[in-house]
Amino acid sequence: LTKSIVVEIPIGSMEISSALMTDIVGFIEDGYHTISNRQSRVLLGNEGGGAFAAKLVLDLPQVFASCYLFNALLPDISIGATGEVFYYQDMTDECSAYRGNHQLYAEIRNEYIDYEYRVRQGSQNYQAFLNGLNESLSSINETLTN
């Protein structure tokens, strides 16, 4: 990957609002030499964090250009999608929230939003996340360099 700063926020440790996320991005930009545009930012989430990321990117399309979801625990009903964001969905065939992931995929496809959608064999666990993340690195790198 290009030189990057990765910030991990454990889901459940605190409530992350859109305002707090904007403050976090501002703190990083003020404290580190970074490229200060949305094209240089990726929001990524696994399982519960994926559901959170999918909702947060709707509120902050001016902050993040891409949203990468891995076995996201999405609700069965539509959460919405924005055409301003590239979506990458990666899930295993044993993902417990396959209906919610399919719902988001269908909405993205029907709205002609840029996306990649991948389904792999396997169970829903941390290793599946690492495998999916590894497979997505070339896409993330392309997203960050464009």
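Contact here means heavy atoms within 4.5 Å. In this predicted model, that criterion shows what surrounds helix 2, residues 48-59. The buried residues of helix 2 pack against helix 1 (18-31), strand 1 (42-46), strand 2 (66-70) and strand 3 (86-92). Those buried positions are Gly 49, Gly 50, Ala 51, Ala 53, Ala 54, Leu 56 and Val 57. An α-helix has 3.6 residues a turn, so residues three or four places apart point the same way.

Helix 2 has 12 residues, and its first and last C-alpha atoms are 17 Å apart, close to the 16 Å expected at 1.5 Å a residue. Helix 2 lies across strand 1, strand 2 and strand 3, and runs at about 150° to strand 1.

The strands belong to an open sheet of four, in the order 1-2-3-4, with parallel pairing. Strand 1 and strand 4 (115-120) are at the edges, each with a single partner strand, so one side of each has no neighbour in the sheet. From one strand to the next, the twist averages 10°. Within the sheet, strand 2 and strand 3 run parallel and are joined by five bridges. Ser 66 stands opposite Phe 86 in strand 3.

Side chains of opposite charge can pair when their charged atoms come close. The structure holds three salt bridges.

One of them joins the side chains of Glu 29 and Arg 41, at 2.2 Å from N to O. Glu 29 is in helix 1 and Arg 41 is in the loop between helix 1 and strand 1, so this pair ties together parts that are 12 residues apart in sequence. How exposed are the two partners, Glu 29 and Arg 41? Glu 29 counts as partly exposed because its relative accessibility is 25%, and buried means under 20%. Arg 41, at 14% relative accessibility, counts as buried.

Another salt bridge is formed by the side chains of Arg 120 and Asp 90, at 2.7 Å from N to O. This pair links distant parts of the chain, with Arg 120 in strand 4 and Asp 90 in strand 3, 30 residues apart. Both Arg 120 and Asp 90 are buried.

The side chains of Glu 116 and Arg 118 also meet in a salt bridge, at 2.6 Å from N to O. Glu 116 is partly exposed, with a relative accessible area of 24%. Arg 118 is partly exposed as well, with a relative accessible area of 32%.

Conventions: Residues are numbered from 1 along each chain as its sequence is written. This is a predicted model: local features need pLDDT of at least 70, side-chain atom pairs count only at pLDDT 80 or more; totals for chains, interfaces and linings use all residues. Side-chain values use heavy atoms; hydrogens and water are left out. Helices (H or I, at least four residues) and strands (E, at least two) are DSSP runs, numbered from the N terminus. The expected span of a helix is 1.5 Å times one less than its number of residues. Buried means under 20% relative accessible area, exposed over 50%, partly exposed in between (1.4 Å probe, protein chains only). Two strands pair if DSSP finds at least two bridges between them. Axes are lines fitted to C-alpha atoms, for helices over the stretch in contact, and angles run from 0 to 180 degrees between N-to-C directions. A salt bridge is a side-chain nitrogen of Lys or Arg within 4 Å of a carboxyl oxygen of Asp or Glu.
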